Amino acid sequence: MRGDGDGWSISPGGVRHWGLFGAAGLLLRAPLGSGGAAVLLQHRALWSHEGGTWALPGGARDSDESAVHAAVREADEEAGIKAADIRVRAERVTATAPSGWTYTTVIADAGKPLPVRPNMESVELAWVPEDEVDQRPLHAGFAHAWPGLRASFAWMDPGECAAADAAELAATLPRTVDLGAEFVWLHAEPEGPGDRAVLLNPPYPPENPEPSGSPNPAGEADDPGAGLGVAAQTEARVLGIPRSAVLG
């Protein structure tokens, strides 16, 4: 039911968190020139909790909403971001409380920095380069979560891909890639920021690794890019991206 999530969830000891059924926010990235990325941040209205700080568009979840639905709805209400203009990539529970309250960060991409329309909950909205986000006074909750949400950068080397994969990749980049333990902003600019990435096809390690004592036991593949989203230590750092992470 729309609006039934508004209210405080109160933990033992009286600590309050906004959202009777939890809360969610949208971390939206968009490409900048030369392989960079920007994140949409909200300068919170002075009357709000920790007003004057910067965070993500977001708010309380309703009882019938998924975290993704709530985050996308809030981004529309608070920034004018339309669901049709973004692509959701992942979600993470980035805060929990003894009451059972949770905050879920939904990670999404836009094809370009979209025009925004702040409502009364914002002083302003801004597309902020990824490496400048933590230079702003951040809401405490977002500041705590940001290190685990921040993306590293890598450029995909099409020379390491099959021709069919290279053509498909060209249509999907740049984008956020969820590697489980980290996020990567994967772009196609050889002179852009970050390490070189190669497409692992099939993903490594194999489902049935070689038994101990074999010429190439698990973790010692000949491919310098071998590793499920793990950097290989060669002359230059190479990041192995599982094919399924970008091409399904």
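Helices (H or I, at least four residues) and strands (E, at least two) are DSSP runs, numbered from the N terminus. The structure is a predicted model, in which local features need pLDDT of at least 70 and side-chain atom pairs count only at pLDDT 80 or more, while totals for chains, interfaces and linings use all residues. Residues are numbered from 1 along each chain as its sequence is written, and side-chain values use heavy atoms, with hydrogens and water left out.

Arginine 44 belongs to strand β4, which covers residues 37–44. Arginine 44 is buried but forms no salt bridge, and glutamate 78, the nearest side chain of opposite charge, is 6.5 Å away. Here, buried means under 20% relative accessible area, exposed over 50% and partly exposed in between, with a 1.4 Å probe and protein chains only. A salt bridge requires a side-chain nitrogen of Lys or Arg within 4 Å of a carboxyl oxygen of Asp or Glu; Lys and Arg count as positive and Asp and Glu as negative, whereas His and the chain ends are not counted.

Serine 66 lies in the loop between β6 (58–60) and α1 (67–79). Because its relative accessibility is 40%, serine 66 counts as partly exposed. The C-alpha atoms of serine 66 and alanine 23 are 10.0 Å apart, although 43 residues separate the two along the chain. The side chain of serine 66 also reaches the backbone nitrogen of histidine 69, at 3.1 Å.

Key:
Polar contact = N/O pair within 3.5 Å; in protein donor to acceptor, adjacent residues only side chain to side chain.
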